[in-house]
Amino acid sequence: MQDSAALPSRTQHRPPVWRRAAALGLAATLAGALPTRAQEAPKGVIRDAEIEQLMRDYAAPIFRVAGINSKAAKIILIGDRTFNAFVANGQKIFINVGAIMEAKTPNEMIGVLAHETGHMAGGHLAQLRMELANAQIYSVVGMLASVAAMATTTRSLSGKSGGVGMDSRAAMGVMLGPQELVARSLLAYQRIEEQAADRSAVRYLTATGQSPKGLLETMKRFQSEGLFRTAGVDPYLQSHPLPTERIALLESTARASSSWNAVDSPALQARHDLARAKLVGFIGDTGEISRRYPIADNSLAARYARAIQAYRFGRIADASSQINALIAAQPGNPYFQELKGQAALEAGRANEAVPALRKASSMAPNGTPIRLMLGHALVSTNNPRDLDEAIRVLKSTISREDDNSEAYQFLAMAYDRKGDKAMAQLSAAEALFGQGRFVEARTQADRAQKQFKPGTPGWLKADDILNYRPPQH
Ligand SMILES: [Zn+2]
């Protein structure tokens, strides 16, 4: 598991695995889509092959019945412990890892994904943007983004049905600025959109033979437990998105579903349990890990969380024997192999990491983060024979994610060690470009281009970077 931006350190021992600078392209995209207020600043994007695959598997049947192209739609994990999921930038579903940590069953998470898919299929965000353009008040962009982000998450502070906050405030003669007026009209149809997304979600779940129970339970929990951070947000904005009537409406539609009593398969539940354990192992503090996975709990999930904990806190030998025991229990699990490789790599034993990561990569062919780690390990062995494989592996990573600047960084290292200066400089230019460091990218691209023959693929790539002009704000 890797993150792309700084996560607040929750323990004195900052885990070696939390590294900066991964997937900065994604983080940059995110910055444009997310709230701009400081307390709602976007946390880092987290890359994890196991959880990404699980979310894709959860979403695939839903996308299919909703008519969403699952190749175009992306699910992006955010390293934030609050429960949140929302759609932004077209076909991107953002999920806070906190949502996965809270969801006890796959069905709860699938319900949330179905709701977000409802927004996506309904083109709700496009409407939001149109409304924004009509209003022509660009200063509210940040606020509107936060409204959108809170869509599924904000509970009613008053506990009363929707509409009360807005109307009573207006009735009280409070002067509303233009921003609030825009927000009011947006919230009015946001409420309609929420109900539409709920209806779509129940339809998708029923069509795929899955229960809408998880979605309903999650929404009820939002309403009753106050899972959300509320500091700094205008209470007015919080009083609408989840009114009692919405829950009531969802409940009646959900209970009428022919698949109300469907349950998750044990195999899916087992994967879900492992994913949650992984998140707790990587993110939770010692107290939380031992509370959620007490030593007496000998389940695979609990052992996973404890193995990660041992690795994270630098108990290398202990971690290694725990990880080996996990592998013995599930030899075909790519993510146990990945953890073994990751622990070895972080401990400076790249030679030991390579075989485990090779296995993990072949067992999880869609696991881009694993392949990236394998590329990293291969350039770190100091064995010239590993360089060609490193280049091959990293190029295949880039063929899937052409904005993966970390892959370009390792690729630059591999070419440099091979003595191919032109390709090393071009790859470094691509890495800088992906991070939005356009001036430095141009300098590197210029150096690289001088070494290629005009018109060759390398020359043309360098030329693209040299000719790029970032949009003016
Ligand atoms: Zn929603």
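View A. The model shown is predicted: local features need pLDDT of at least 70, side-chain atom pairs count only at pLDDT 80 or more, and totals for chains, interfaces and linings use all residues. Residue numbers start from 1 along each chain, following its sequence as written. Helices (H or I, at least four residues) and strands (E, at least two) are DSSP runs, numbered from the N terminus. H14 comprises the 13 residues 300-312 and reaches 18 Å from its first C-alpha to its last. This span is close to the 18 Å expected at 1.5 Å a residue, where the expected value is 1.5 Å times one less than the number of residues. H14 is mostly covered, with 11 of its 13 residues buried. A residue is termed buried if 20 or more other C-beta atoms lie within 10 Å of its own, exposed if 12 or fewer do, and partly exposed in between, with C-beta atoms placed from the backbone. Among the buried residues of H14 are Tyr304, Arg306, Ile308, Gln309, Tyr311 and Arg312. The cover over the buried residues of H14 includes helices H12 (266-283), H13 (286-292), H15 (316-329) and H16 (334-346); contact here requires C-beta atoms, placed from the backbone, to lie within 7 Å.

**View B. Helix H21 is followed by Gly436, whose phi is positive, near 80°.** The 14 residues of H21 (421-434) reach 20 Å from the first C-alpha to the last, close to the 20 Å expected at 1.5 Å a residue. H21 is largely enclosed by the rest of the structure, since 12 of its 14 residues are buried. The buried residues include Met423, Ala424, Ser427, Ala429, Glu430 and Phe433.

**View C. Tyr415 lies in helix H20 (residues 405-418).** Tyr415 has 23 other C-beta atoms within 10 Å and therefore counts as buried. Leaving aside neighbours within four places in sequence, Tyr415 is in contact with Asp420, Met423, Ala424 and Ser427. Met423, Ala424 and Ser427 are themselves among the buried residues of H21. The C-alpha atoms of Tyr415 and Ile391 are separated by 7.6 Å, although the two residues are 24 residues apart along the chain.

**View D. Strand E5 (residues 92-96) pairs with strand E4 and with strand E3.** Two strands are said to pair if DSSP finds at least two bridges between them. E4 (residues 85-88) and E5 are antiparallel over four bridges, whereas E3 (residues 74-78) and E5 are parallel over five bridges. Ala85 has Ile95 as its bridge partner in E5, and Ala88 stands opposite Lys92.

**View E. Ile95, Ala414 and Ala429 touch the most other members of the largest nonpolar core.** This core contains 112 residues; a nonpolar core is a set of buried Ala, Val, Leu, Ile, Met, Phe, Trp, Tyr and Cys residues joined through C-beta atoms within 7 Å. Helix H2 (residues 49-66) gives the most to this core, with nine residues. Domain 1 (2-264) and domain 2 (267-467) both give residues to this core, so it lies between them; the domain bounds come from an automatic or database domain assignment. Not counting residues up to four places away in sequence, Ile95 touches Met55, Ile75, Leu77, Ile78, Ala85 and Ile100.

**View F. Ser361 is located in helix H17 (residues 350-363).** Ser361 counts as buried because 24 C-beta neighbours lie inside 10 Å. Residues up to four places away in sequence excluded, Ser361 touches Gly367, Ile370, Arg371 and Leu374. Ser361 and Arg371 are 10 residues apart along the chain, and their C-alpha atoms are separated by 5.8 Å.

**View G. The whole protein has 23 helices and five strands.** Of its 473 residues, 50% count as buried. Among contacts with a separation of 6 or more, 63% join residues 24 or more positions apart.

How values were computed. Contact = placed C-beta atoms within 7 Å.
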